[in-house]
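Reader: I am new to this one. Could you walk me through it, please?

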Amino acid sequence: MKNNHSCQAGSTADQHAVAQEGGASSFNRMRSKLSFERMVEMASHMGMENPLFVSHERAAKATTLINGKEYINFSTYDYLDINAHPEITAAVTETAALFGTSAGASRLVGGERPPHRELERALAELYEVEDCIIYVSGHAANVSTLGFMFGQRDAIFHDGLAHNSLVQGARLSGATRYSYAHNDCDALEEMLKAHRSNHKYAVIATEGLFSMDGNIPDLPRLIELKKQYDCMLLVDEAHSLGVLGRTGRGAREYYGIDPTDVDMWMSTLSKAMCGCGGFIAGRHDVVKFLKYGSPGFVFSVGMPPVIATACRKALEIMLREPERVHKLQNI
Ligand SMILES: Cc1ncc(COP(=O)(O)O)c(C=O)c1O
């Protein structure tokens with residue numbers, strides 16, 4: 001019995017070792033796909049230490065402190081110089097005292113806290129649309145929205161330089177993905193002409209301002225196309241909220257368009273809003289559909305109330321002090 005037992009244990013251990021070896025070798029093959037090591041190596045040839053995961057000793061703002069030395073910071077999203085604003089610190093301290101730092105569970109089952117709806121209402125008001133849903137991550141907002149709303153019979157037409165989260169969402173959905181040349185509405189129209197009628201539902205997804213190139217899509221033309229070809233339109237305002245328009249209200253203010261012409265105003269809350277998370281603002285029925293079904297909302301914890309408070313406060317500061325937006329635009 002004893003022997004048997006030890007023999008069995010041995011074979012399990014052997015199997016485990018073999019499995020581990022197999023796992024390690026397949027991981028080694030897999031990791032050769034990653035380019036970060038090459039990047040780190042290149043930096044070291046240039047006499048730099050690893051430029052990734054650097055530890056900063058103070059809040060992400062225009063300058064930073066690394067190993068006690070001050071640097072200009074080119075890698076922050078604090079577009080309006082609002083991060084670490086004392087009003088935000090005071091407001092989140094109060095919220096933390098009342099509600100703690102965790103939402104506790106998915107809002108659908110665990111319930112919500114007043115900061116959740118306050119932020120959603122403030123964002124819906126900002127866009128002058130009916131409602132808004134906030135997710136715990138900007139990336140998850142796009143993945144979960146596109147992944148949930150669209151399916152195999154549908155089509156997703158997206159800008160060739162659209163953010164990874166839009167592309168991942170499109171892939172997850174199983175819809176046919178059409179990537180049109182960056183900001184080329186003629187190319188998009190050709191694709192719509194050729195393919196739209198083969199699909200049930202369709203969406204055009206673009207960004208309000210492309211962060212890497214700093215250029216803006218022709219939103220009025222995209223609206224014409226979405227109407228002409230019966231598509232929905234999603235505009236990711238990650239880098240246009242707080243940046244475009246006289247008061248930072250983004251691409252719609254920049255173009256003076258009717259906000260209801262865009263079906264889904266998406267943005268992250270991690271950039272000008274100095275927090276974390278993302279949202280979709282639009283019609284009440286769209287928001288309700290997402291709130292009751294999209295996996296990144298239903299099966300994920302609610303946004304920490306402190307973050308909701310921080311974002312609402314940042315939004316309030318942005319609207320109260322449009323000079324921050326003007327300063328950014330005049331740099
Ligand atoms: C255009 C765009 N969309 C979505 C995201 C994802 O947002 P987050 O980093 O807040 O998850 C980013 C992040 O950089 C982005 O640039």
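Author: Gladly! Keep in mind that this is a predicted model.

Reader: How are the planes of Tyr127 and Phe279 arranged: stacked, edge-to-face or tilted?

Author: The two rings lie 5.9 Å centre to centre, with 55° between the planes. Stacked needs planes under 30 degrees apart and edge-to-face needs over 60, so the rest of the pairs take the remaining name. The aromatic pair of Tyr127 and Phe279 is therefore tilted.

Reader: How many residues apart are Tyr127 and Phe279?

Author: Tyr127 belongs to helix α5 (residues 114-127), while Phe279 sits in strand β9 (residues 278-282). The pair thus links distant parts of the chain, and the separation is 152 residues.

Reader: Are Tyr127 and Phe279 buried or exposed?

Author: Buried is the word for a relative accessible area under 20%. Tyr127 and Phe279 both count as buried.

Reader: Which kind of pair do Tyr254 and Tyr255 form?

Author: Their ring centres are 5.0 Å apart and their planes meet at 90°. Because planes over 60 degrees apart get this name, the pair of Tyr254 and Tyr255 is edge-to-face.

Reader: Which residue lies over the face of Tyr77?

Author: Here a side chain is placed over a ring, at 4.0 Å from the ring centre. The ring is that of Tyr77, and the residue over its face is Lys271.

Terms used
Residues are numbered from 1 along each chain as its sequence is written. This is a predicted model: local features need pLDDT of at least 70, side-chain atom pairs count only at pLDDT 80 or more; totals for chains, interfaces and linings use all residues. Side-chain values use heavy atoms; hydrogens and water are left out. Rings of Phe, Tyr and Trp (its six-membered ring) pair if their centres lie within 6.5 Å; planes under 30 degrees apart count as stacked, over 60 as edge-to-face and the rest as tilted. Helices (H or I, at least four residues) and strands (E, at least two) are DSSP runs, numbered from the N terminus. Buried means under 20% relative accessible area, exposed over 50%, partly exposed in between (1.4 Å probe, protein chains only). A charge sits over a ring if NZ of Lys or CZ of Arg is within 6 Å of the ring centre and within 35 degrees of the ring normal.
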